[in-house]
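Hi,

Here is the structure I promised to send over. Have a look at it first, and then read on for what I found.

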Amino acid sequence: METKTVGIIGGLGPETTAKFYLEVLAKAEIVDASHRPSILIWNVPMDIAIEDSFIRGNDESKTYIKLLVEAAKKLEQARADFLVIPCNSVHVFIDKVRQAVSIPVLSIVEETDAFLTKNGIKKVGILATSATVKNRLYEELLEQRGIEVVLPSTNDQGELDASITRLVHNQGSEQDREKLESIITTLSNKGVQATLLACTDLQLIAPSHPTVVIYDTMHILAESTVKKIFEE
């Protein structure tokens with residue numbers, strides 16, 4: 001079976017990229033176990049201090065756009081057929097990335113929007129970095145579909161940013177999981193049908209909840225990536 005080559009703009013953060021790579025391989029094997037798909041990964045050489053600043057919602061667009069565009073061009077030159085970025089926050093720059101290359105760039109936001117719409121979700125809690133929240137990355141698209149978005153309180157958002165920063169540095173703990181589940185409970189009390197892990201690093205602590213469905217944007221993007229790999 002002929003397949004497309006996916007180029008992954010990774011390193012945001014590295015452990016999430018590794019898990020995304022393995023998930024794509026596992027899902028691809030379900031479709032066709034006879035051979036593995038071709039995958040290219042470019043690990044973005046990000047300055048850690050700038051990454052931490054961006055997570056907290058500060059404007060680091062100049063650095064990010066430069067690195068993302070360079071990564072996209074390198075992967076296109078390496079013969080990738082399409083690109084994916086397993087990081088929600090940097091999708092605020094996706095138009096710049098798309099303009100820099102002639103191959104398709106899948107959007108984790110657009111794929112998640114389609115998933116929620118397909119599953120009839122009308123009210124969803126969003127767990128993301130301050131960068132994602134500040135740029136209304138999900139709200140604008142979801143609200144156009146009639147999906148109400150509920151966000152954590154200012155205090156909970158600060159706690160969430162701190163947890164995400166620790167996860168990016170591979171320092172997540174049981175306390176981070178407990179805090180995340182507490183925030184989900186608060187969102188549950190506001191009537192959400194589901195909670196969206198709109199930061200791919202949050203899947204590293206695998207939160208659960210007895211009454212609220214949790215959707216992971218990384219899993220949604222991985223599924224879309226595999227579909228694109230085997231697209232006729």
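Gly-10 sits opposite Asn-43 in β2. That pair belongs to a parallel arrangement: β1 and β2 (residues 39–43) are joined by five bridges. Keep in mind that this is a predicted model.

On its way from β1 to β2, the chain passes through helix α1 (residues 14–31), and the three elements form a right-handed β-α-β unit. β1 also pairs with β3 (residues 82–84), again in the parallel sense, this time over three bridges. There, Val-6 has Phe-82 as its bridge partner.

So how covered is β1 (residues 6–10)? Five of its five residues are buried. In a regular strand, side chains alternate between the two faces of the sheet. For β1, both faces are covered: one side has Val-6, Ile-8 and Gly-10, the other has Gly-7 and Ile-9, and all of these are buried.

The other spot I looked at is Thr-200, in the loop between β6 (194–197) and β7 (213–216). Is Thr-200 buried or exposed? Its relative accessibility is 1%, so Thr-200 counts as buried, given that the cut-off for buried is under 20%. The side chain of Thr-200 reaches the backbone oxygen of Pro-86 at 2.8 Å. Leaving aside neighbours within four places in sequence, Thr-200 is in contact with several residues, including Leu-12, Thr-16, Cys-87, Asn-88 and Ile-108. Thr-217 and Met-218 are also among the contacts of Thr-200.

Cheers

Definitions and conventions. Residues numbered from 1 in each chain as written. Predicted model: local features only at pLDDT ≥ 70, side-chain atom pairs only at ≥ 80, totals over all residues. Heavy atoms only, no water. Buried < 20%, exposed > 50% of the residue type's maximum accessible area, 1.4 Å probe, protein only. Helix = DSSP H or I, 4+ residues; strand = E, 2+ residues; numbered from the N terminus. Pairing = 2+ DSSP bridges. Right-handed = clockwise from strand over helix to strand, strands pointing away. Polar contact = N/O pair within 3.5 Å; in protein donor to acceptor, adjacent residues only side chain to side chain. Contact = heavy atoms within 4.5 Å.
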